[in-house]
Amino acid sequence: MNDKTLLVIEDETAILTFLRSSLEKHGWQMLEARTGRLGLELAASKKPDVILLDLGLPDQDGLDVLKAMRQWTSVPVIIVSARGQEYDKVRGLDAGADDYLTKPFGVPELMARLRTALRHAAQKPDDPPPLYDYEGLKVDLIARKVWLKKKEIHLSPLQYDLLGCLVRHAGRVVRQKQLIKEVWGETRDVTPELIRITVHQLRHKIEPDPVRPRCLKTEPGVGYRLEAPEL
């Protein structure tokens with residue numbers, strides 16, 4: 001396991017010291033980020049095998065960091081938090097976490113969770129490239145920026161989340177049920193009409209000719225598909 005890297009996004013010095021000592025004894029290389037912003041940068045540049053994420057970060061809520069991360073990577077994320085209520089655990093898992101570890105915890109439990117995370121990661125397909133570029137439409141999932149014909153365009157948060165979901169599944173049909181789960185959340189009451197309206201609005205921003213879309217296609221009765229760029 002000595003070739004495995006763990007990114008710890010945590011601002012408490014005592015926790016970082018404890019983790020560093022414990023992880024090094026078990027052969028892990030540890031990266032540290034004391035803010036959500038730095039955590040996102042390291043997750044993108046260093047590509048760790050597992051991420052430990054605290055919810056109480058100084059610059060932003062850990063759930064927002066997790067949601068941003070899930071726009072472009074499926075790396076296993078274990079939330080580490082003093083918030084041990086069932087509600088907090090459900091929110092974390094719904095936001096895309098793979099596991100939830102409540103402070104305080106012991107080294108044997110942490111190691112067991114890390115082994116489980118690695119097993120799950122081995123069963124997942126590789127993440128698609130975080131940059132989409134097709135027919136003049138360019139989407140950077142890490143920077144959360146979108147360009148059309150080299151001109152940056154601005155989307156609403158909902159429009160971007162919808163586009164990001166389609167980019168992650170580029171070339172494949174995304175069914176309406178899956179769109180609702182990834183964009184709105186399973187607990188939301190979303191109608192097919194609302195999805196059509198959001199797709200319509202998105203097309204008017206990312207398609208040179210929204211009436212004859214070249215990128216965002218409708219699969220009648222099934223869902224939507226974003227054309228895949230040539231690799």
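Colleague: Why is K149 called exposed?
Modeller: K149 has a relative accessibility of 56%. Exposed means over 50% relative accessible area, buried under 20%, and partly exposed in between, with a 1.4 Å probe and protein chains only. The value of 56% lies over the exposed cut-off of 50%, so the word applies.

Colleague: What kind of model is this?
Modeller: This is a predicted model, in which local features need pLDDT of at least 70 and side-chain atom pairs count only at pLDDT 80 or more, while totals for chains, interfaces and linings use all residues. Residues are numbered from 1 along each chain as its sequence is written, and side-chain values use heavy atoms, with hydrogens and water left out.

Colleague: What makes the phi of K149 worth a remark?
Modeller: Phi is positive at K149, about 55°, although K149 is not a glycine. Most residues other than glycine have a negative phi. K149 sits in the loop between β8 and β9, a hairpin with two residues between the strands.

Colleague: Why is R168 called buried?
Modeller: The relative accessible area of R168 is 15%, so R168 is buried. R168 belongs to helix α6.

Colleague: What makes the pair R168 and Q71 a polar contact?
Modeller: A polar contact is a pair of N or O atoms within 3.5 Å; within protein, one must be able to donate a hydrogen and the other to accept it, and residues adjacent in sequence count only if both atoms are side-chain atoms. The side chains of R168 and Q71 make such a contact at 3.1 Å.

Colleague: What makes a group of residues a nonpolar core?
Modeller: The group must be buried Ala, Val, Leu, Ile, Met, Phe, Trp, Tyr and Cys residues joined through side-chain atoms within 4.5 Å. The largest such core has 51 residues. Helix α6 (residues 157-168) gives the most to this core, with six residues.

Conventions. Helices (H or I, at least four residues) and strands (E, at least two) are DSSP runs, numbered from the N terminus. Two strands pair if DSSP finds at least two bridges between them.
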